[in-house]
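Trainee: Could you walk me through this protein chain while I have it open in the viewer?

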Amino acid sequence: MKKIVHLVHCLDTEGPLYESIEATFERLKASFGIDFAPSRANLKKLQCSEIKLNGLEGAVAKMLNPDILDYKPDWPSIYSMLDDAMSDEFRNELKDSFGDGWVFNWFCMDHIDYKINPRQRDIGYANVFDRYLSLKNHGNFRRDGLHFHFHPMSFDRAAHHCGTHYFAHSDSLFRILAYRVINRQWFPNSYRPGFNTIRPDSHWFLEQFVPFDFSNQAFSGVNDQPDLVDGRFGDWRRATTSWTPYHPDHDDHESAGNCRRYIARCLNVGTRFKLLDMETFETAFKEASEGKPVVVGFADHDYRDIRKGVRTVRQLLPELSKKYPDVQFKFCEAREAMRSALSLPAAEPVKLELELKGNTLRILADKKIFGPQPYLALMTTDGNYIHDNVDIHKPFHHWSYTFDEHSIPLDCIRKIGVAVNDDVGNTTVANLDLGNGEIKHKTW
């Protein structure tokens, strides 16, 4: 019987973030209804709980914690941090039970379609993703994971706001994934939602395409942040606090059911609520000691000093290892953790066959894929990116798509991409270039 705590450090990878002191005090007013003149002196007093706030002193100090406000405003400051964080020396300060060093999982976000950008986000397709993709050649990066993170568009299209509906205000989700399929031959097998928020629309979207979802923020502790109550962001009040991943229910992603994907629990480090602490962490070791499959996700952001979150977890591990000597712990890439914990069988990636006859694309898979249809990505001749549903001949196996006046004429298309996962997270992408008829395949 395996008794392993699989540790998955999830980085919501969004690139640089700038916040003026005026914006910090605007957030304070929006969250707590407290209106102070923006100044470094007032900020310091609030951080030290030196101003009476009718019992809110601790909660406000938590929100304004200097570590939380220590944003990396540009890429040089992020790279300076990464130079140390990704070094062998830092990764190996504490090795896991198998003699391996720390593993990071970069859940990369694209910022597109925004009209307002006061936090100076890096706007553009794959601008953040490509930075971390380029690090794959870095020797210390090879065990790290490269995954997907997304913030749905808000009503005001502000890059520092996050909506809850994935499709109502923008089709950016579809275009971001289409861009990555066509231009990077990449598609996610693991996902982290913006603001930890899943709703029915995103729940059912993920059920079609992505097998591993690190979103469950069920937490039994006290939340003293008034802007984050009643399920405002990351409503996981009905979900399990177990560290065993579960299949969600079709109508309630917080309940166990018969859906295909796995949802893993993922608490926070380096922020102001739902924090991974000794008490919550110990339940993972206890469950592992009982022979349960355990995956411990914990999340923070690349625009803060990620080394602080690493040290937080490292400080807890020696005591827990001593208390549970029969339990091992393992630093993991996200897909690796799910496969190992859940004893998912090894499998060859799906082989995709694309055939274009006339104006109809036929798609065949040599075995069952994760969802009922593949992800179809189209690049138009004028450089736009489109996603569409396919016609299903045999669910999970055989499909077609017709280019005509009801969809889009074939002569308006430059490239076609098709992406799938299987049940154990193997990813396959097939791309067809209509300019030269070449088909390229990539699996991982």
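Trainee: What should I know before I start?

Mentor: This is a predicted model, in which local features need pLDDT of at least 70 and side-chain atom pairs count only at pLDDT 80 or more, while totals for chains, interfaces and linings use all residues. Residues are numbered from 1 along each chain as its sequence is written, and side-chain values use heavy atoms, with hydrogens and water left out.

Trainee: OK, how many helices and strands does the protein chain have?

Mentor: The protein chain has eleven helices and 17 strands, where helices (H or I, at least four residues) and strands (E, at least two) are DSSP runs numbered from the N terminus. Its radius of gyration is 22 Å, close to the 22 Å that the globule rule gives for 444 residues, so the chain is as compact as a globular protein of that length. That radius is taken over C-alpha atoms, and the globule rule is 2.2 Å times the number of residues to the power 0.38.

Trainee: And what does the C-alpha trace span along its principal axes?

Mentor: The C-alpha trace spans about 75 × 55 × 45 Å along those axes.

Trainee: How much of the chain is buried?

Mentor: Buried residues make up 56% of the 444, and buried means under 20% relative accessible area, exposed over 50%, and partly exposed in between (1.4 Å probe, protein chains only). Of the contacts with a separation of 6 or more, 69% are between residues 24 or more positions apart, a contact being heavy atoms within 4.5 Å.

Trainee: Switching to strands, which way do E11 and E12 run?

Mentor: Strand E11 (residues 375-380) and E12 run antiparallel and are joined by four bridges; two strands pair if DSSP finds at least two bridges between them. Met379 has Tyr385 in E12 as its bridge partner. The two strands form a hairpin with four residues between them, and Gly383 takes a positive phi near 85° there.

Trainee: Which residues of E12 are on its covered face?

Mentor: In strand E12 (residues 385-388) the covered face holds Tyr385 and His387, whereas Ile386 and Asp388 are on the uncovered one.

Trainee: What about E9 and E10, how do they pair?

Mentor: Strand E9 (residues 352-357) and strand E10 (residues 360-365) pair in the antiparallel sense over six bridges, with Leu354 opposite Ile363 in E10. This pair is also a hairpin, with two residues between the strands, and Gly358 in the turn has a positive phi of about 65°.

Trainee: Is the pairing of E3 and E4 parallel or antiparallel?

Mentor: Strand E3 (residues 145-150) and E4 run parallel and are joined by three bridges, and Phe150 stands opposite Pro193 in E4. In strand E4 (residues 190-193), Ser190 and Arg192 point one way and Tyr191 and Pro193 the other way, yet all of them are buried.

Trainee: Which other residue has a positive phi although it is not a glycine?

Mentor: Lys274 has a positive phi of about 50°, and its place is in the loop between strand E6 (262-268) and helix H9 (278-289). Lys274 is buried, with a relative accessible area of 14%, whereas Ser49 is partly exposed at 36%.

Trainee: Last one, what does Ala37 touch?

Mentor: Not counting residues up to four places away in sequence, Ala37 touches Phe25 and Asn42. Ala37 sits in the loop between helix H1 (21-32) and H2, and it is exposed, with a relative accessible area of 51%.
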